[in-house]
Number of protein chains: 2
Amino acid sequence: MYRPHAWVVNIGNELLIGRITNTNATVIARELMLRGVIVKRIVVVGDYLDDIATSVREAVGYADIVVTTGGLGPTDDDITMEAVAAAINAPLVLNKAALEMVEAFYRKRGLQLTRERLKMAYLPLGAEPVPNPVGAAPGAYINYSGSHIVVLPGVPSEMEAMLKIALNRLAHILPELCVAEEGITIEGVPESSLAPLLRKASKLCSDCYIKSHPKGHEVDNPIIDVKVMASAPDCDTARSKVLTVLGYLKKLIQGGDSD
Amino acid sequence: MYRPHAWVVNIGNELLIGRITNTNATVIARELMLRGVIVKRIVVVGDYLDDIATSVREAVGYADIVVTTGGLGPTDDDITMEAVAAAINAPLVLNKAALEMVEAFYRKRGLQLTRERLKMAYLPLGAEPVPNPVGAAPGAYINYSGSHIVVLPGVPSEMEAMLKIALNRLAHILPELCVAEEGITIEGVPESSLAPLLRKASKLCSDCYIKSHPKGHEVDNPIIDVKVMASAPDCDTARSKVLTVLGYLKKLIQGGDSD
């Protein structure tokens, strides 16, 4: 089954100076993964036109789905729509549907459209606005050169609400896939001793993803979370693959394996 | 004053499936920023040789300093050293100093070197090991084609301890610079109304970095953190630049500005 590949592009100087942690990437990666999409790369760039346009252009060149966050607000450093337009060689235009959304947002609150507010209704030519149920700035959905570009704001509450809307919009390209994941915590075995057992267990399921996460100390107090993930068209099959691997791994650790 | 540019490359499938949040990037970005380094890009890739090697090669092509995290452990999916070696066209070799570090770590705990443990002593030819005061796997420092590559583990406690050691190693290329930052919180002014005032205040200091962070709701309950950052060879000058901009901004917000 074909699984779409995605790149995530997070935009904002605050991420590059370490003022905030990129939780948006975590949320997007998890939501995409649970829908059968393989996230191949996350890129963080600052609020610079060239840097954003370059990263979006690179992403479009590699990924079926590109999700950007940040840079949609009313301030001058919010230039993502302009940069995305540059990346896809489209002009930035006043989008009628986006204008209605922005106008409705401010009218409801008895406020006029200023230059800064109007700015949020400009999208690359050909884009569809993604409605913002939480804030003022609409996002954008763009189908360009075989890639599906989703442009979302950086404020997490807005981003999360709009990601759901955007993923519904993309439902037609998402695989019908159930992803299952289970884990066990192993104490008292150094990761370097566990490694050959993981290698052995992984041979039971060629398309399972097995990963050990050391939580304690390699030798003095080893605590290791082992996670196994598998996908299949139906959830029972996916879950069964995971449990088979975990069961065999437990046997290996207890030394109950005779081969 | 020349300020080195950095790229951060974080390696690990767990980041791309949204299981963990990339706090390593935040810590590295902040530490580099406070030392006058400009972080231009953060890239997250999975545990795949080609993806890691490609991202390191791209980073070396753009940045003076490249910091990688993740993929240094004893398991088979820890392939960062191999990928970095491929990226810089160097062979992976058993490094004598790294071997001593790994041997000492396990000997102290009464354990022998296994294949998995020995693996952690292989570094690209020409690399210097970065000692790991917390865990088993050494990092690496590599000077290649004008870039300074620092290879660190993904476990945050190990990464943080080794980042400090690596930055001391890089002291000779870091600028003598003091970075100052102050912020104010503004309530009751929509970000779209604040934007023109920020634009005006920013004209007072061409090399200051001013950024508004909306915390509340654009209209119904606006709360905005405004942060101003500036750097100068001495801390007094840096701080004075910041305070000048913030003072003027406060005047503008209170309407006390007559021009």
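This is a predicted model: local features need pLDDT of at least 70, side-chain atom pairs count only at pLDDT 80 or more; totals for chains, interfaces and linings use all residues.
How many of the eight residues of S2(A) are buried? Six of them are, so this strand is largely enclosed by the rest of the structure.

**Chain A and its strand S2**

Chain A contains nine helices and eleven strands, and its C-alpha trace spans about 75 × 40 × 35 Å along the principal axes. Of the 259 residues in chain A, 55% count as buried. Among the contacts in chain A with a separation of 6 or more, 70% come from residues 24 or more positions apart.

Within chain A, strand S1 (residues 5-11) pairs with S2(A) in the parallel sense over seven bridges, and in this pairing Val8(A) has Ile42(A) as its bridge partner. S2 (residues 38-45) of chain A also pairs across the chain boundary, where strand S2 (residues 38-45) of chain B runs antiparallel to it over five bridges. There, Val43(A) finds its bridge partner in Val43(B).

Asn22(A) sits in the loop between helix H1 (13-16) and helix H2 (23-34) of chain A. Is Asn22(A) buried or exposed? Its relative accessibility is 11%, and because buried means under 20% relative accessible area, Asn22(A) counts as buried. A polar atom of the Asn22(A) side chain lies 3.2 Å from the backbone nitrogen of Ala25(A).

**Where the two chains meet**

The interface involves 64 residues of chain B in contact with 64 residues of chain A. The size of an interface is often given as the accessible area lost when the parts come together. For chain B and chain A this buried area is about 5,100 Å², with 51% of it on carbon and sulfur atoms. Leu16(B), Arg19(B) and Arg41(B) supply 12% of the area that chain B buries against chain A, more than any other three residues.

Polar and charged groups take part as well: 24 residue pairs are in polar contact across the interface, both residues being at pLDDT 80 or more, and 16 salt bridges are found there. On the side of chain B that touches chain A, the residues divide into 28 nonpolar, 15 polar and 21 charged.

**Salt bridges**

Glu182(A) is partly exposed at 29%, as is Arg239(A) at 40%.

Glu116(B) is buried at 7% relative accessibility, whereas Arg199(A) is partly exposed at 22%. Beyond these pairs, Glu14(A), Asp47(A), Asp77(A) and Lys211(B) are linked in a network of salt bridges.

**A covered strand in chain B**

Strand S8 (residues 147-152) of chain B is mostly covered, with six of its six residues buried. In a regular strand the side chains alternate between the two faces of the sheet. In S8(B), Ser147(B), Ile149(B) and Val151(B) point one way while His148(B), Val150(B) and Leu152(B) point the other way, and all are buried.

Two other strands of chain B pair with S8(B). Strand S3 (residues 65-69) pairs with S8(B) in the parallel sense over five bridges, with Leu152(B) as the bridge partner of Thr69(B). Strand S7 (residues 139-144) pairs with S8(B) in the antiparallel sense, also over five bridges, and here Ile142(B) has Ile149(B) as its bridge partner. S7(B) and S8(B) form a hairpin with two residues between them, and in the turn Ser145(B) has a positive phi of about 50°.

Note on methods. Residues are numbered from 1 along each chain as its sequence is written. Chains are lettered from A and ligands numbered from 1 in the order in which they are written. Side-chain values use heavy atoms; hydrogens and water are left out. Helices (H or I, at least four residues) and strands (E, at least two) are DSSP runs, numbered from the N terminus. Buried means under 20% relative accessible area, exposed over 50%, partly exposed in between (1.4 Å probe, protein chains only). A polar contact is a pair of N or O atoms within 3.5 Å; within protein, one must be able to donate a hydrogen and the other to accept it, and residues adjacent in sequence count only if both atoms are side-chain atoms. Contact means heavy atoms within 4.5 Å. Buried area is the accessible area (1.4 Å probe) that two parts lose on being put together, summed over both. A salt bridge is a side-chain nitrogen of Lys or Arg within 4 Å of a carboxyl oxygen of Asp or Glu. Ala, Val, Leu, Ile, Met, Phe, Trp, Tyr, Cys and Pro count as nonpolar, Asp, Glu, Lys and Arg as charged, and the others, Gly among them, as polar. Two strands pair if DSSP finds at least two bridges between them.
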